[in-house]
Amino acid sequence: MSPLPELRYPSVPELVAYAEALAAREPGLCALRQVGASRAGRPLHLLSVGHARRAVLVVAGAHANEPTGGSTLRVLAERVLEERELRSDTSWHFLLCADPDGASLHVTPAPRSLLDYHLGFYRPTGAEQPEWSPSVLPPDQLPPETRALTGVIDELRPYLQVSLHGTDLGGSWVQLTKDVPGLAEPFAKSAAELRIPVETGASDAALWPASGPGVHVMPGPETGVAYPSMPDDARHSTWYHAHRYGGLTAVVEVPMWASDLVDDPAPHPAPAAAMRRLAARLLRDAHEVERVLAEARPRLEGSDGPLLRAARWALELIPGLAEDWIHTAPAGTTMAYVGSVDAFGRRLPLRAAAMLLRVLREADDRAAPRLEQLVAVWCDSFAQRFRARWVPLEHQVEHQSRTVLAAAEQARERVA
């Protein structure tokens, strides 16, 4: 077996160089081609392994701040090459990075703490995210990255699309656009072996049915949403584009830091009161960031780069989300669900603050030290509250890879 590449968070140029080398090493099995370009003109590359008509599409880098997917993609490509049965009647296609512009702005060299991670943080607005933009923009205004992704789906007609995602702190979970019976068991077994908690009450999947712990099936269009104020509706994302060809999408989430507080299925004793407290804290934290922004805004006149746009967008989401939490506590609310909401409520204003801090530092603005202290305090509080422990990158990648392969096997049987 060929040695696997060194496990670390690769940059997009490193991923492209790796794919070029793989295609040169195995020209009969592998091919690399450009399938589009970003808004800034950066190429989008697709690595293909095998020639069968039945296809699996794996997408990395849809969210700039979720770097594990690039490492997973490399390991999966090697496994498909080494294990002939994986490609005996299935071709595998790897979109190296769906958002190269975003990847160029998020800096994750080798984080050792949540503060390290957030000091280089970037996550674009919903309209600038390739998978989410169809849920917030009309078809004629979709960014080129989205059009490239849907174009690849139209060409390949994959029976399975897998989107490699991650979370900074929490557990692992899977989101499916259609149920894949049999996936929950290998998913749970892998997580247990690697000491990765399963996020049984992920707030991203509130009110969704589950086919097993941590494996959530997205509801149909007739079902309401848990958070009406949020503009990005998964049911209108690119995840559903594969349905027109009889396929489905699996979104595989893995944490960088794990918390054993997100997998408690016990009923919460007072969910409504807890949600009100979390909503109040969310508003309070957002107000602190908004005060810094308001004080610095006159000195940032004319500045409207992607970092500042994204920080403002995150802050604009918060009032409506807090209102949703005050009036919505799903029936059967668990400790895990409230824990997930707690984490999200810390994460959103922290991300806004971190991106604004980068803007202020670049401008050498006098408000930067005050905001830097706030970001540091919030990161420390987040880590302590959830007893964060680093998940070794090889475990992140192994769990994500196993889940992708299990999903491909189980979904293949479903559509065979």
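User: Which residues do ring pairs link into a cluster?

Analyst: In this predicted model, ring pairs link Y117, F121, W257 and W390.

User: Why is the pair of Y117 and W257 called edge-to-face?

Analyst: Their ring centres lie 6.2 Å apart, and pairing asks for centres within 6.5 Å. Their planes stand at 70°. Edge-to-face begins over 60 degrees, so the pair of Y117 and W257 is edge-to-face. The pair links distant parts of the chain: Y117 in helix α4 and W257 in strand β9, 140 residues apart.

User: What makes Y117 and W257 count as buried or exposed?

Analyst: The cut-off for buried is under 20% relative accessible area. Y117 has 1%, so Y117 is buried. W257 has 5%, so W257 is buried.

User: How do you know whether D168 is buried or exposed?

Analyst: D168 has 1% relative accessibility. Buried means under 20%, so D168 counts as buried. D168 lies in strand β5, and its contacts beyond four places in sequence include Y117 and W257.

User: What makes the link between the side chains of D168 and R347 a polar contact?

Analyst: The distance is 2.8 Å. The limit is N or O atoms within 3.5 Å. The D168 and R347 side chains are joined by a polar contact.

User: How do you know that the charged end of R385 sits over the ring of F386?

Analyst: The charged end of R385 is 5.1 Å from the ring centre of F386. The distance cut-off is within 6 Å. R385 sits over that ring.

Terms used
Residues are numbered from 1 along each chain as its sequence is written. This is a predicted model: local features need pLDDT of at least 70, side-chain atom pairs count only at pLDDT 80 or more; totals for chains, interfaces and linings use all residues. Side-chain values use heavy atoms; hydrogens and water are left out. Helices (H or I, at least four residues) and strands (E, at least two) are DSSP runs, numbered from the N terminus. Buried means under 20% relative accessible area, exposed over 50%, partly exposed in between (1.4 Å probe, protein chains only). A polar contact is a pair of N or O atoms within 3.5 Å; within protein, one must be able to donate a hydrogen and the other to accept it, and residues adjacent in sequence count only if both atoms are side-chain atoms. Contact means heavy atoms within 4.5 Å. Rings of Phe, Tyr and Trp (its six-membered ring) pair if their centres lie within 6.5 Å; planes under 30 degrees apart count as stacked, over 60 as edge-to-face and the rest as tilted. A charge sits over a ring if NZ of Lys or CZ of Arg is within 6 Å of the ring centre and within 35 degrees of the ring normal.
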